[in-house]
Amino acid sequence: MKNKIILTSITILSALIVAACGNGEKKAPETTVAPTTEATTTTAPTTTAESSETKKVTLADTQRVGREDVGYFNVPKDWVEYKDPNGGPQFQYASKDAYNMITLNGYGKDQLHVNAGETFGAELLANRLYDGWQYNPKVAKTQKEKTKFAGEDAFLIKIQLKDGKYMFQWVFQRGEKVYDVLLEGTEDTVATVRPILEQSWSLDSKTPGQ
C-alpha cells in the first residue's frame, strides 16, 4: 500500500511539471534489451555523497533494459519491468516486490512547459522537482547537489521518506532532451544500484555508458 501511495505521488508530481498535450502524445515502442552476459567492469563514484573515491563496478550479473525515448541502462538480473497502474509515459524496472525501482522520463522542449523568463534545461526541471518534494508530507528530508551522471553534468536530489525509504533522483540534459532518472528502495539497494545506473545509462541499446 505504501508503495502504491508513493507511485501515485510520483505520477502526480510528473504531471505538474510537463505541459498539457491537447492532441495526446504518441508513445514510443517499448524495447527491452537482452541481458548482459559478459563480465564488464567500469569505474563509478562511491554511493556515499561525502566521498569522491572510485570503485570497480561489475555488470556481469545485470541485464540491459530501456527504451529509445528514455535511454538504456543495466539493472540486476532478477528485476522485472513494472507497469504503473496509474499509467503515464515513464519506463520502470523493479525488484519482484516492487519496493526497489528505477523510473525514467525524457522531456523535449514541447513536453516541458517553459514560462516567460525561464530557460529550458536540466536546472529548470530539477528546481521544479525539488520544490515538489519539499511540499510532500511523506518526505522527512531532501538535499540537492550538482554531480555527474553518465558523463553529463547533472543535478541529484536525495530524498528520505518518513517510512525509511531512500530515493535518488538525477536530472540532466543530453542533446535536445532533459532526462529524469529516479532510483528508490532500501538504503542498501540504492547504494548498490547507484553506481551501476550512473555508469551504464546511455542512448545506445547495447553499449553501457555511450
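A: Strand β9 is mostly covered, with seven of its ten residues buried. Buried stands for under 20% relative accessible area, while exposed is over 50% and partly exposed lies in between, with a 1.4 Å probe and protein chains only. Strands are DSSP runs of E with at least two residues, helices are runs of H or I with at least four, and both are numbered from the N terminus. The model is a predicted one, in which local features need pLDDT of at least 70 and side-chain atom pairs count only at pLDDT 80 or more, whereas totals for chains, interfaces and linings use all residues. Residues are numbered from 1 along each chain as its sequence is written, and side-chain values use heavy atoms, with hydrogens and water left out.

On one side, β9 pairs with β8 in the antiparallel sense over ten bridges. Two strands count as paired if DSSP finds at least two bridges between them. Lys148 has Asp153 in β9 as its bridge partner, and Glu145 has Leu156 in β9. The hairpin of β8 and β9 has two residues between the strands, and Ala150 there takes a positive phi near 50 degrees.

β9 is also joined to β10, by seven bridges, and these two strands run antiparallel. Phe155 stands opposite Val171 in β10. Four residues lie between β9 and β10 in their hairpin, and Gly164 in the turn has a positive phi of about 100 degrees.

Tyr166 is placed in strand β10. Leaving aside neighbours within four places in sequence, Tyr166 is in contact (heavy atoms within 4.5 Å) with Ile159, Gln160, Leu183, Glu184, Gly185, Thr186, Glu187 and Val190. One of these, Leu183, is 17 residues from Tyr166 in sequence and 8.3 Å from it in space, C-alpha to C-alpha.

These strands belong to an open sheet of seven, in the order β5-β6-β7-β11-β10-β9-β8, with antiparallel pairing. β5 (80-82) and β8 (139-149) are at the edges with a single partner strand each, so one side of each has no neighbour in the sheet. On average, and with direction ignored, neighbouring strands of this sheet are turned by 20 degrees against each other. Helix α2 packs on the sheet and touches β7, β8, β9, β10 and β11; the direction of α2 makes about 160 degrees with that of β10. Helix α3 packs on the sheet too, touching β7, β8, β9, β10 and β11, and the direction of α3 makes about 150 degrees with that of β11. Axes here are lines fitted to C-alpha atoms, for helices over the stretch in contact, and angles run from 0 to 180 degrees between N-to-C directions.

The buried residues of α2 are Ala122, Leu124, Leu125, Ala126, Arg128, Leu129, Tyr130 and Trp133. The expected span of a helix is 1.5 Å times one less than its number of residues. For the 13 residues of α2 (residues 122-134) that gives 18 Å, which agrees with the 18 Å between its end C-alpha atoms.

The next topic is the nonpolar core, meaning a set of buried Ala, Val, Leu, Ile, Met, Phe, Trp, Tyr and Cys residues joined through side-chain atoms within 4.5 Å. The largest has 23 residues, of which Phe73, Ile102, Phe149, Trp170, Val181, Leu197 and Trp201 touch the most other members. At least two residues of this core come from each of β4 (71-76), β6 (91-94), β7 (101-107), β9 (152-161), β10 (166-174), β11 (177-185) and α3 (187-200). Apart from this core lies another of 19 residues, among them Ala122, Leu125, Met167 and Val178. Not counting residues up to four places away in sequence, Val181 touches Ile102, Thr103, Leu104, Phe149, Phe168, Gln169, Trp170, Phe172 and Leu197.

β4 is mostly covered, with six of its six residues buried. Six bridges join β4 to β3 (residues 62-67), and the two run antiparallel. Val75 in β4 is the bridge partner of Gln63. A hairpin of three residues joins β3 to β4.

As a whole, the protein has three helices and eleven strands, and 49% of its 210 residues count as buried. The mean pLDDT (the predictor's confidence in each residue, from 0 to 100) is 82, and 73% of residues reach 70 or more. Over residues 19-54 the pLDDT is below 50, and beyond near neighbours in sequence this stretch has 77 contacts in the model.
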